[in-house]
Amino acid sequence: MVVHNPNNWHWVDKNCLSWAKTYFADSLVGTSASTDSQSAEVNKVTSVEGDVVVSQRKGKIISLFDVKVVLGFEGKVGDTEAKGSITVPEVAYDTEKDEYQFEISVFSENSQNTAIKEIVRQKIVPQLRTKLAQFGKDLLTTHGQDIQVSADKVTSQFTKANQEQSVKGSTEKTKSSSPTPSAASKTPATSSTSAAASSSNSANVPKYNTTTMHFEPEFNTSAEQLYITLLEKNRIGAWTRSNPDFPGDIMAEGTEFNLFGGGVSGKITKLVPNQTIVQQWRLKDWKQGHYATLTIDFHQGDSETKLDVLFKGIPIGQEEVVQGNFEDYYVRSIKLTFGFGAVL
């Protein structure tokens, strides 16, 4: 990062959200625990939503971050396989280690697999607390120095003293905290390479800074009924209160669609019957050519089906719009139209 900031006097901000996503994948995935009859392991980072910024002014370096992290886990209770999610609603710069909250959800929960929550709560969560508490320190260690002019080029004694104190503090944190090597060392290069590849592969697509969004709505119906409700023309027309525009009576892989009178459009890219729908998805007022990826996984329990809904590529600033539209015009409308559950 090139800095032109005489005496490190002015504000300099560095967006580190992309780095944070890789950091969490490196440090949290693989966290595991087991007993004689149970086992569980964090197997993916589903989404990281929010802001991660490192800033400096007058020689002082600070970090400001507030993100929601959703993890996926899998494991076994006896011979029964189980999958689910761990949501950390707030990982923030001012959150203490014992203040982190963890929401544990089991997909297709029933009397056989629900016990996996206990091993996650008792043995996985304490490990995650320790690793999340390390994030702020590693963030400053990795990104604190490249947003400043080097000390030998600073003539102001005031900012030089602040800068030296920042360096000293960063060094002391590094010695006492043992940061994760893979996250601290390889991530910046990974992020740079990824950005370059993305730029070359999508040169003609208007650029947004984007984020991910994750929901887990639950419906009192089977996965089969919910699956066709999201694909069949007559059913879509019922819950959208409009005429869906796509060829045929039911969407298939490769089907391009327009819903809500063109307010939402996209293309189906993958279908696994009663299990998964993947589509390119966009709102009408987004820049032409920009699509998010919407992945919907179906998890059927004894009497209900939980959807694991993941949006990737939502333009920053559009989070509330997408969330409101999805909750009102998809989830709420489907429940009201077909009686698939209580409407809150």
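Reply: Contact means that heavy atoms lie within 4.5 Å. Residues are numbered from 1 along each chain as its sequence is written, and side-chain values use heavy atoms, leaving out hydrogens and water.

Me: With which residues is V52 in contact, leaving aside its neighbours within four places in sequence?

Reply: V52 is in contact with K14, N15, C16, L17, A20, L64, F65, V67, F135 and L139.

Me: What makes a set of residues a nonpolar core, and which have the most contacts inside the largest one?

Reply: A nonpolar core is a set of buried Ala, Val, Leu, Ile, Met, Phe, Trp, Tyr and Cys residues joined through side-chain atoms within 4.5 Å, where buried means under 20% relative accessible area, exposed over 50% and partly exposed in between, with a 1.4 Å probe and protein chains only. The largest such core has 38 residues, and F24, V52, I86, I116, V120 and F135 have the most contacts inside it. Apart from it lies another core, of 35 residues, F215, L231, F257 and V264 among them.

Me: Why is the pair of Y23 and F135 called edge-to-face?

Reply: Rings of Phe, Tyr and Trp (its six-membered ring) pair if their centres lie within 6.5 Å, and planes under 30 degrees apart count as stacked, over 60 as edge-to-face and the rest as tilted. The centres of Y23 and F135 are 5.3 Å apart and their planes stand at 65°, so the pair is edge-to-face. Y23 belongs to helix α1 and F135 to helix α3, 112 residues apart, and both are buried.

Me: Why are the rings of W281 and F311 also described as edge-to-face, and why does W281 count as buried?

Reply: Their centres are 5.1 Å apart and their planes at 70°, so this pair is edge-to-face as well. W281 has 2% relative accessibility and therefore counts as buried, and F311, at 0%, is buried too. Ring pairs link both of them into a cluster that includes F215, W239 and Y330.

Me: What is the mean pLDDT of the chain, and where is it below 50?

Reply: The mean is 83, and 76% of the residues reach 70 or more, yet over residues 5-10 the pLDDT is below 50. Where pLDDT is low, the predicted coordinates should not be read in detail.

Note on methods. Predicted model: local features only at pLDDT ≥ 70, side-chain atom pairs only at ≥ 80, totals over all residues. pLDDT = per-residue confidence, 0-100. Helix = DSSP H or I, 4+ residues; strand = E, 2+ residues; numbered from the N terminus.
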